[in-house]
Amino acid sequence: MAKAVETGKSGVKKTAAKAGTEPKAKNPTKKAAAAAAAAALPGVGEHAPDFALPADDGSKISLAGLKGQKVVLYFYPKDDTPGCTVEAIAFSAKKAQFEKAGAVVLGVSKDTIAAHCKFRDKHNLTVRLLSDESGEMLEAYGVWAEKKLYGRAFMGINRTTFLIDSKGVIRRTWPKVKVDGHADEVLAAVKEI
């Protein structure tokens, strides 16, 4: 398949198939459409998609309401699973350091607020956890995608972190995060901007 490479406003290269070289699907499913839409993360240098979601502390958090602060958004698959727990504990342990660097850390998954509260209380988490049950924010950030486990395909969250500056611009992205040492790496990046 022939591909063309373009550079958008953000300077991020985008690849697109040349017209007429790719056969069109007869009846694309909703699942396939969602997977295709999720394949593209917002690029570094682009404005972060806005959101307004409920948090585990009873508040509603929006990107607009955080203007003037750096924001670390980490998307994780599920409350109280091994990797997600290690990641949440690591970010919670460094919460004061993130705040000193002018950043707020927010964890996002599709779990309910009740599940978030149980997860928070069980592990003494101090970072706020946002609930995106509808999946709209997950799709806007390109983290809702088809995944495979033991040969089974399903839709889920790709563990991804975004660093957004005080003006709402994405400054750094970590796709397919490995949790060990990740909070330290993100904190170092926060201190650089």
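Reader: Does Tyr150 count as buried or exposed?
Author: Tyr150 counts as exposed, because its relative accessibility is 80%, where exposed means over 50% relative accessible area, buried means under 20%, and partly exposed lies in between, with a 1.4 Å probe and protein chains only. Keep in mind that this is a predicted model, in which local features need pLDDT of at least 70 and side-chain atom pairs count only at pLDDT 80 or more, while totals for chains, interfaces and linings use all residues. Residues are numbered from 1 along each chain as its sequence is written, and side-chain values use heavy atoms, with hydrogens and water left out.

Reader: Okay, and where does Tyr150 lie?
Author: Tyr150 lies in the loop between β8 (144-149) and β9; helices (H or I, at least four residues) and strands (E, at least two) are DSSP runs, numbered from the N terminus. Although Tyr150 is not a glycine, its phi is positive, at about 55°. Most residues other than glycine have a negative phi.

Reader: Which loop holds Lys176, and what is its phi near?
Author: Lys176 sits in the loop between β11 (170-174) and α6, and its phi is near 50°, a positive value in a residue other than glycine. At 64% relative accessibility, Lys176 counts as exposed.

Reader: Changing topic, what is the pLDDT average of the chain?
Author: The chain averages a pLDDT of 85, and 80% of the residues score at least 70; pLDDT is the predictor's confidence in each residue, from 0 to 100. Over residues 1-28 the pLDDT is below 50, and beyond near neighbours in sequence this stretch has 27 contacts in the model, a contact meaning heavy atoms within 4.5 Å. Residues 33-38 also have a pLDDT below 50, with eight contacts beyond near neighbours in sequence. Where pLDDT is low, the predicted coordinates should not be read in detail.

Reader: How many helices and strands does the chain have?
Author: The chain has six helices and eleven strands, and of its 193 residues, 40% count as buried.

Reader: So which residues have the most contacts inside the largest nonpolar core?
Author: They are Phe51, Leu73, Phe75, Leu106, Tyr141 and Ile164, in a core of 24 residues. A nonpolar core is a set of buried Ala, Val, Leu, Ile, Met, Phe, Trp, Tyr and Cys residues joined through side-chain atoms within 4.5 Å. The elements that give two or more residues to this core are β5 (70-75), β6 (103-109), α5 (136-140), β9 (152-157) and β10 (160-164). Apart from this core lies another, of 22 residues, among them Ala88, Leu129, Leu163 and Val186.

Reader: What is Phe51 in contact with?
Author: Leaving aside neighbours within four places in sequence, Phe51 is in contact with Ile61, Ser62, Leu63, Leu73, Leu106, Leu130, Met137 and Tyr141.

Reader: Can we do helices now: which residues of α2 are buried?
Author: In α2 the buried residues are Cys84, Thr85, Glu87, Ala88, Phe91 and Ser92. Seen down the axis of α2, these fall within an arc of 165°, so they line one face of the helix, the arc being that of the directions from the helix axis to the C-beta atoms. On the other side of α2, Pro82 and Ala93 are exposed.

Reader: And what covers the buried residues of α2?
Author: The cover includes β5, α3 (95-100), β6, α4, β10 and α6 (182-192).

Reader: Which residues of α4 are buried, then?
Author: In α4 (residues 113-123), His116, Cys117 and Phe119 are buried. Seen down the axis of α4, its buried residues fall within an arc of 165°, so they line one face of the helix. Ala114, Lys118 and Lys122, on the other side of α4, are exposed, while the cover over its buried residues includes α2 (82-93), β6 and β7 (128-131).

Reader: What about Asp111, where is it found?
Author: Asp111 is found in the loop between β6 and α4, and it counts as buried because its relative accessibility is 8%.

Reader: Which side chain joins that of Asp111 in a polar contact?
Author: The side chain of Ser109 does, at 2.9 Å; a polar contact is a pair of N or O atoms within 3.5 Å, where, within protein, one must be able to donate a hydrogen and the other to accept it, and residues adjacent in sequence count only if both atoms are side-chain atoms. A polar atom of the Asp111 side chain also lies 2.8 Å from the backbone nitrogen of Asp79.
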